[in-house]
Amino acid sequence: MSDLLEILSPVGDMERLHAALDFGADAVYLGGTAFGMRAASAKFTPELLSQACELAHSRGKRVFLTCNTLPHNNEIPHFEGFVKNAVDAGVDALIVTDLGLLSLAKKFASDTEIHISTQAGIVNYVTANEFYNMGAKRVVLARELTLEEIAEIRAKTPDDLDIECFVHGAMCVSFSGRCLLSQYLTARDANRGECAQPCRWGYHLMEEKRTNEFYPIFEDERGTFILNAKDMCLIEHIDKLAKAGVNSFKIEGRAKSSYYVSVITNAYRKAMDIYKADPDNYRLPQWLKDEVYKVSHRAYCPGFLFGNPRESQYYENSGYVREYDVVAVIEDCRDGRIYAEQRNKFNKGDEVEVLSPEGEPVILTASELFDEKGEPIDTANHAAMKFSMTCDCVFPKNSIIRIKK
């Protein structure tokens, strides 16, 4: 069995790539300009993809390219060029769903790893083995599996087949994300990267002979969010998944902010390091448990890991919980000052928190603020303004300054 225990982070652009690498990802997954399941965050042109691979490889990290849509006939002729550009850029793996694309990937990128997307709905060892026989190096299991089912798949598949599982982020109300609701309601095909997320909308009930009379499904004037799933969070169960044979621990969120990527990657990096240091006594410090709540998120649940989830839906609304704002990103620390670039307004005297890849967040008071010329100021209130603040601590570049709302 492989010794690989990988933190795999989502990347939507170069800023988020830096965030993932700075905060401890072992590998990243991203989308090109086509064939990916997040059309809105398809930021990587061939040129940018080459830059991303060069940067990641220079730091000993790997890059996986999503090719996991279900393409129609008119898209197939474009796949050869797409894949050859990816190979030239240096991607380490192609993530595919469609069997046709799998066959073409083997033909046009014979030396590149093939990973089978969660969109393929792999829930048993027979399917996993068949994909292995077809040339897959890795299978990304469906989210709808229990811990025991994951362990059985691991036990009944070849040791050199990697097992990847989602451990954090949004969950789709439809099995393995194969949803028709968006296509039906908005003509935006979820299976081709264009999901409008209608599962997050509020719904009312209408009786067919009483048109335009809308009734709440329960006593709430906003309707009901009957399809709205909670977010998955398995940070406290890293040990169980590792012992079940999971090799890659995948964070959802290619459309999320660089702050989200930084914080969640950092949390799972630290959790994995704690597990590796003492696998039989996995315990997280409270500050690390708290980190996953310091990003924009929905209510959390453990998904299907422990059986049929009875508390996986959130009916009150489809909004996010957001308790912290990023106020700055650190560029340098020297001579008793932090030099940073502003992201959101904050004031002299505010209590802030600095998150770096080096450990527990550090709480500081912004007792003195200075503009780029070194003149004292009372507030940092201009987007992307350069400023400094007194501080005896030294933090790495790209550490984050945040404030509780």
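The model is a predicted one. Its salt bridges come to 27, while a search of the whole structure for disulfides finds zero.

- Arg59 and Asp22 form a salt bridge in which the closest N and O atoms are 2.9 Å apart. Because Arg59 belongs to the loop between helix H2 (46-58) and strand S3 (62-67), and Asp22 to helix H1 (residues 14-22), this pair ties together parts that are 37 residues apart in sequence.
- The two partners fall into separate accessibility classes: Arg59 counts as partly exposed at 36% relative accessibility, whereas Asp22, at 17%, counts as buried, the limit for that class being under 20%.
- Arg62 and Glu113 also meet through their side chains in a salt bridge, with an N to O distance of 3.2 Å. Arg62 lies in strand S3 and Glu113 in strand S5 (residues 113-116), so the contact ties together parts that are 51 residues apart in sequence.
- Both residues of this second pair are partly exposed, Arg62 with a relative accessible area of 23% and Glu113 with a relative accessibility of 21%.

**A buried pair and a network**

- Lys256 forms a salt bridge with Glu252, where the closest N and O atoms are 3.9 Å apart, a distance that still meets the criterion of within 4 Å.
- Both members of this pair are buried, since Lys256 has a relative accessibility of 15% and Glu252 has a relative accessible area of 8%.
- Through shared partners, salt bridges join Glu6, Arg62, Glu113, Lys137, Arg138, Asp162, Glu164 and Lys250 into one network.

**Helix H3 and its buried face**

- In helix H3 (residues 79-89), the buried residues are Phe79, Phe82, Val83, Ala86 and Ala89. Viewed down the helix axis, these residues fall within an arc of 120 degrees, so they line one face of H3.
- An α-helix has 3.6 residues a turn, so residues three or four places apart point the same way.
- The elements that cover the buried residues of H3 include H2, S3, strand S4 (93-96) and helix H4 (99-108).
- Directly after H3 comes Gly90, which has a positive phi near 105 degrees.

**Cysteines**

- Although the search of the whole structure finds zero disulfides, buried cysteines do occur: Cys53 counts as buried at 0% relative accessibility, and Cys165 counts as buried at 5%.

Definitions and conventions: Residues are numbered from 1 along each chain as its sequence is written. This is a predicted model: local features need pLDDT of at least 70, side-chain atom pairs count only at pLDDT 80 or more; totals for chains, interfaces and linings use all residues. Side-chain values use heavy atoms; hydrogens and water are left out. Helices (H or I, at least four residues) and strands (E, at least two) are DSSP runs, numbered from the N terminus. Buried means under 20% relative accessible area, exposed over 50%, partly exposed in between (1.4 Å probe, protein chains only). The arc is that of the directions from the helix axis to the C-beta atoms. Contact means heavy atoms within 4.5 Å. A disulfide is a pair of cysteine sulfur atoms within 2.5 Å.
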